[in-house]
Amino acid sequence: MIGGKWSAQVLVELGEGPRRFTQLERAIAGISRRMLTVSLRDLERNGLITRTVYPDSPPRVEYATTPLIEDIREPLEALTAWARLAAPAITAARRAYDGTAAARS
């Protein structure tokens with residue numbers, strides 16, 4: 001349910017409060033519009049977020065977490081923080097591995 005590449009980041013961002021689609025898109029580096037849409041739909045389907053449409057002109061849509069997320073909020077935020085800190089080391093490890101794998105071929 002939250003193991004997808006983008007789901008955890010969406011949930012952490014929504015942990016700061018309700019957000020509109022474009023706010024989420026700007027806040028999550030590297031996510032495409034399509035993947036954000038897919039992630040939001042999956043999270044809504046699983047009852048982890050809500051989607052509220054306001055009858056403004058043009059219509060305004062906001063996403064927010066549900067109470068279901070409260071039990072995993074803290075570990076999720078810790079995992080996301082670790083991933084951000086570890087990103088340079090992971091990237092370096094991938095480059096080193098890819099270079100070694102290419103040499104083995």
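Colleague: Leaving out residues up to four places away in sequence, what does Glu-13 touch?

Modeller: Arg-19, Leu-24 and Ala-27. Keep in mind that this is a predicted model.

Colleague: Where is Glu-13 placed?

Modeller: Glu-13 is in helix α1, which covers residues 7-14.

Colleague: Is Glu-13 buried or exposed?

Modeller: Buried. Its relative accessible area is 18%, and the cut-off for buried is under 20%.

Colleague: And the rest of α1? How many of its residues are buried?

Modeller: 7 of the 8. So α1 is largely enclosed by the rest of the structure.

Colleague: Which ones?

Modeller: Ser-7, Ala-8, Val-10, Leu-11, Val-12, Glu-13 and Leu-14.

Colleague: What covers them?

Modeller: The cover includes β1 (19-20), α2 and α3. It also includes β2, β3 and α4.

Colleague: Let's move to Thr-80. Where does that sit?

Modeller: In helix α4, residues 73-104.

Colleague: What does Thr-80 contact, neighbours within four places aside?

Modeller: Ala-8 and Val-12. Ala-8 and Val-12 are both among the buried residues of α1.

Colleague: Why do you call Thr-80 buried?

Modeller: Because its relative accessible area is 8%, and buried means under 20%.

Colleague: Change of topic. Ala-29: buried or exposed?

Modeller: Exposed, at 66% relative accessible area. Ala-29 is in the loop between α2 (21-27) and α3 (33-45).

Colleague: How far is Ala-29 from Arg-84?

Modeller: Their C-alpha atoms are separated by 11 Å. Along the chain they are 55 residues apart.

Colleague: And from Arg-41?

Modeller: That pair is 12 residues apart in sequence and 19 Å apart in space, C-alpha to C-alpha. Arg-41 is in helix α3. Arg-41 is exposed too, with a relative accessible area of 59%.

Colleague: What joins Ser-57 and Pro-58?

Modeller: A cis peptide bond, with omega about 0°. Pro-58 lies in the loop between β2 (49-54) and β3 (60-65).

Colleague: Now zoom out. What's the element order?

Modeller: From the N terminus, α-β-α-α-β-β-α. That comes to 4 helices and 3 strands.

Colleague: What is the radius of gyration, against a compact globule?

Modeller: The chain has 17 Å. A compact globule of 105 residues would be near 13 Å. The C-alpha trace spans about 60 × 30 × 20 Å along its principal axes.

Colleague: How much of the chain is buried?

Modeller: Buried residues make up 29% of the 105. The accessible surface is about 7200 Å², with 55% of that belonging to carbon and sulfur atoms.

Colleague: What about contacts between residues 24 or more positions apart?

Modeller: They account for 47% of the contacts with a separation of 6 or more.

Colleague: Last one, charges. How many positive and negative side chains?

Modeller: 15 positive and 12 negative. The centres of the two sets lie 9 Å apart.

Notes:
Residues numbered from 1 in each chain as written. Predicted model: local features only at pLDDT ≥ 70, side-chain atom pairs only at ≥ 80, totals over all residues. Heavy atoms only, no water. Helix = DSSP H or I, 4+ residues; strand = E, 2+ residues; numbered from the N terminus. Rg over C-alpha atoms; globule rule 2.2 N^0.38 Å. Buried < 20%, exposed > 50% of the residue type's maximum accessible area, 1.4 Å probe, protein only. Contact = heavy atoms within 4.5 Å. Areas by Shrake-Rupley, 256 points an atom, 1.4 Å probe, with all protein chains shown as cover. Lys, Arg positive; Asp, Glu negative; His and termini not counted. Charge placed at Lys NZ, Arg CZ, Asp CG, Glu CD.
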